[in-house]
Amino acid sequence: MGCGVSKSNQFHKHSRKAIRAAVLIQRWYRQYVARTEMRRRYTWHIFQSIEYSGEQAQIKLYNFLGYLMDNFTPSSTERNLISHIFRENDVCWDSEWERYFCYKNIEVPEVYSGPHLTFPLTVEQAVGLLEAFRNKKQQLHSRYVLELLLETWKLLRMLPNINRISTCHSKEITICGDLHGQLEDLLLIFYKNGTPSLEKPYVFNGDFVDRGKDSIEILLILFSFMLVYPCDVYLNRGNHEDHIINLRYGFTKEVLTKYKIHGKRILKLLQKIFSWLPLATIIDQKVLVLHGGISDTTDLSVLTKVNRHNDFSTRIKANMENELENSKRREVILAAALNRSQQDILSVSTDSVSSDNVKDEWRQINTDTDCRAETKSVNLKQNIRSAQLFVDAKLQTEECSMLWAGLGMIGKGKTQPARAFAVHVQCVARGPFVALEIPDHKSRILDLLWSDPMNQDGCMPNEVRGGGCYWGPDVTEDFLNRHNMQLIIRSHECKQEGYEFCHNRKVLTLFSASNYYDVGSNRGAYVKLGPDLVPYMVQYQASSMTRELTARQSVGRTERSALKVLREQLFAHKSDLLCAFKKFDTKNTGLVSLIDWASAVESVMHLNLPWRMLRCQLVTCKMSDGMIDYYDWFNELAIKGPNTDHIDQSLLETLYRHRSTLETIFRIVDTDNSGFISMEDFRQTWKLLSVYLKMEITDEDISTLAETIDSNHDGSIDIDEFMEAFRLTDK
């Protein structure tokens, strides 16, 4: 008995040690998991905040282009630059597109070993194209690319704004979210789920391009399967299916790199195709699939009737093109009218001007280029008013209304093209143009492409992205009740698990680009819907590297990438941060406390990050009595490139802060896609940008910056070298 008790006590003694050890291990593991999760979350938040900040800058670029248009006058000094930026080939009407982009004059050489396409396209050819891209064989020849895009454009023009499809008892519909040029994800989806077919329909929910390196391949694969199965493959438009967005996020550069000879024609045709992509898809009248989201004003009956291929960015560019094409005519008309006597002008009646006379007079006016010289002796004030009456009378005729129907300008209370033209003729004499108004249905399209859900009720502008809105559960409930639906499937937001439900599981966010921010940052997902309309989620990660990394390595890799991007953003706001620090550092010691440092950084960056927790990663210099030396902190960053000591620091910081916007504008200025812009275009672009940013940049500063980059003194600037020269990097 005694031995038994002794053994029992010894057993309990060892058991207590084992339990105590297990508790310690468990506590340590829980702390480790908590720390890892905390790092993962703030890393994610850094990436997402900076991504949305970039999109906000892109919306501001739209405003910048609108600014160019609203403040452009035919007599302005920036006329040549703006004409250069928005110069296009005279292709305006749909009937001319097929002729203009004719592929028949492009020969395919015998040495070409890539896929060959014939139309109408077959399943075997679509699968062959997929396999060619999978095996990294030679890219599709530009002749076949143009032919494929033209056939796609013809098909898209026949589609409604909102596609309506249905499941049957033998069908499952697969919905995919953002792909963003990541071909690996699309190939993995097709490997796991099968390629599109009559039995396996797909809906691809926008954002096919940008950021990734294989955007054009993804488009060609999706377009080819859509041509083969037009009733089983559906493509919704995303906010990145936009030519100005593409200038910023890489798709334009990708196409021009891969198709150096015919890249510009391909891009122009893709611009047209993007504007014709449908806005949404409805499944079984119960599930709405769209890229961004809804607002409290979203009405599907209204969206079915809008002109989707004339969106905001297209309208800006089209109006600029029309304005530039016709501005010289206006000057000639105005000058010719000034040559008439006031009596003759006032005797003109809109009822007495025949169409034939109008045509003849317009021809005469347009060929008379010397008429301005005769106006010097005329009373300017009276004849300007007389000229306005004359032009107004002519433009009210039916013939002139038809002639200027493409103008589409909107003035204050005057919506007809002819009346709008009269308004702008008056503006030539009086000053700046009348600002354009954005029709309500255009803002509703922006809501579909840019909006995000939020947890609280209501609907408010999406100030984080700069476009669209935030909508709450009450807006979702009201929308679904009004349209007798049960679920909204949207994309547009990267989610760590590839998907996320919200609003009582009535809104599903779906994101199909895995490893979006960095390897291991997130999973991708797609969803399958059967006749019961119950979502079945499938998750994946395309990169094989993620399987080789431990959880700690994966988080560490992503964290380092996020902190590098964040440090670049902090340095780009150096002057604002210094001002914020000095508000706390009243004695100008160069030191601030940790709490003050965090408050100052957040007041400038507005990223809503845990700055005190990030201090260890962001501030590596030694602290003195818990105080941070903010001058030493900025010295931890270095600039990769030429010596910039002689360049004005405010100009330099503007370059860093608006680097992506500048690159986008330079790409627009580079109309021949050569990769070079002239020194004069460089100077004029900076001048226009300085007016938009409301900051003073002298000609001397701009010239110094230009000369720094133009090392060979050939009078032109290499865009890639310029942007690379001023890239920030850690010491």
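**Reading a predicted model: strands, burial and surface**

Student: Which residue in β9 is the bridge partner of M460?

Tutor: M460 has Y470 as its bridge partner in β9. Keep in mind throughout that this is a predicted model.

Student: What makes β7 and β8 edge strands?

Tutor: The sheet is open, has three strands and runs in the order β7-β9-β8, with mixed pairing. β7 (452-453) and β8 (459-461) each have a single partner strand, so one side of each is left without a neighbour in the sheet.

Student: Why is Q496 called buried?

Tutor: Buried means under 20% relative accessible area. Q496 has 18% and therefore counts as buried.

Student: Where is Q496 found, and what is it in contact with, leaving aside neighbours within four places in sequence?

Tutor: Q496 lies in the loop between β10 (487-490) and β11 (499-502). With those neighbours set aside, its contacts are R40, W44, S521, N522 and R523.

Student: Why is V33 called partly exposed?

Tutor: Partly exposed covers the range between the buried limit of 20% and the exposed limit of 50%. The relative accessibility of V33 is 35%, so V33 counts as partly exposed. This residue is found in helix α1 (residues 2-70).

Student: How do you know that the buried residues of α24 are on the same side?

Tutor: In helix α24 (residues 611-618), the buried residues are W611, L614, R615 and L618. They cover an arc of only 135° around the axis, which puts them on the same side of α24. Exposed residues R612 and C616 are carried by the face turned away from that buried side.

Student: How many residues does the chain have, and what percentage of them count as buried?

Tutor: The chain has 731 residues, of which 52% count as buried. Its accessible surface comes to about 34300 Å², and 50% of that belongs to carbon and sulfur atoms.

Methods: Residues numbered from 1 in each chain as written. Predicted model: local features only at pLDDT ≥ 70, side-chain atom pairs only at ≥ 80, totals over all residues. Heavy atoms only, no water. Helix = DSSP H or I, 4+ residues; strand = E, 2+ residues; numbered from the N terminus. Buried < 20%, exposed > 50% of the residue type's maximum accessible area, 1.4 Å probe, protein only. Arc of directions from axis to C-beta. Pairing = 2+ DSSP bridges. Areas by Shrake-Rupley, 256 points an atom, 1.4 Å probe, with all protein chains shown as cover. Contact = heavy atoms within 4.5 Å.
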